[in-house]
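Work through each task before reading its solution.

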Amino acid sequence: FKGYTKEQPSSPVFYDGALFVSSTDERLYSYDARSGKIIWTFNAAFPIESTPTISGDRVFFGSGDGALRCLDKATGAEIWSYQTRSEIISYPIVMDGRVIITSSDDRVHAIDEKTGDRLWTFGRATFRAVQPRVSGSPAFSDGRVFVFFSDGSLVAVSADRGAELWSKAEVVRDFDSPIKTRRTPLVEGGLVYVIDDKNSVQAFSVETGEARGSFDILKDYDFVLPDARSMVILGVDQILSLDRVTG
């Protein structure tokens, strides 16, 4: 029942002299980065909201029909497709022979990178017919997948088995906020960083989920970790650089 802005493109991905861009016009495009000419186009027949992921000679992306597709990077030919139960708006993570994706029915899927076969699916039984969609993607580090669920929980899942390792309840409760806030965790130095329900950056232990720090100097909408010690936060009307150790 959702309306889409016509031809709204994703962020472009640059790889090996080409740009790969998906769009809500139901197509994924490969462009020559030097000339801008289209190399190939793939028609998914459903809107594509997520940014594609490139790994080796393959392109991976999800679409509004719940399909995760693997294409040949050079030709755009489909190699395999995996069907989930709900739309995919997150970008895929390709790591250790697995393609990891989240679908809007509160499920995380691990797919074999070469064959498209399902390795495991993890869910939390929080899905409802009408609910906010989590506009974020999973993060991966040290054999763990970190992902938000629609009940507001941040969950660490084993990448090997698809089992829950720990969870933090109600980190975020308002996914319908009119201001789009980063909901993709960032992982670095043994900590996973997220923006909570009060628009503060929180740091949790990768291994246990224990709270390790809070950065609430301003109302945060996005952040980056440019090096091993710094954090740059985008706020309402300013950009702030912090020392992560001292705050």
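Residue classes are as follows: Ala, Val, Leu, Ile, Met, Phe, Trp, Tyr, Cys and Pro count as nonpolar, Asp, Glu, Lys and Arg as charged, and the others, Gly among them, as polar. The model is predicted, so local features need pLDDT of at least 70 and side-chain atom pairs pLDDT 80 or more, while totals for chains, interfaces and linings use all residues. Residues are numbered from 1 along each chain, and side-chain values use heavy atoms, without hydrogens and water.

**Exercise 1.** Describe the lining of the largest cavity by class.

*Solution.* 
1. A cavity is a set of points on a 1 Å grid over the protein atoms alone where a 1.4 Å probe fits but cannot get out; lining residues have an atom within 4 Å of a point.
2. The lining comprises 20 residues, with Thr102, Ser103, Ser104, Val134 and Phe148 nearest the centre.
3. Strands S10 (98-103), S11 (107-112) and S14 (144-148) each give two or more residues to this lining (strands are DSSP E runs of at least two residues, numbered from the N terminus).
4. By class, eight lining residues are nonpolar, eight polar and four charged.

**Exercise 2.** Determine whether Lys73 is buried or exposed, and identify the side chain joined to that of Lys73 by a polar contact.

*Solution.* 
1. Lys73 lies in the loop between strand S7 (67-72) and strand S8 (78-83).
2. Lys73 is buried because its relative accessible area is 16%, and buried means under 20% (1.4 Å probe, protein chains only).
3. The partner is Asp16, at 3.4 Å; a polar contact is a pair of N or O atoms within 3.5 Å, one able to donate a hydrogen and the other to accept it within protein, and residues adjacent in sequence count only if both atoms are side-chain atoms.

Key: On a 1 Å grid over the protein atoms alone, a cavity is a set of points where a 1.4 Å probe fits but cannot get out, and a pocket is an open set with protein on both sides within 12 Å along at least five of seven lines; lining residues have an atom within 4 Å of a point. Helices (H or I, at least four residues) and strands (E, at least two) are DSSP runs, numbered from the N terminus. Buried means under 20% relative accessible area, exposed over 50%, partly exposed in between (1.4 Å probe, protein chains only).
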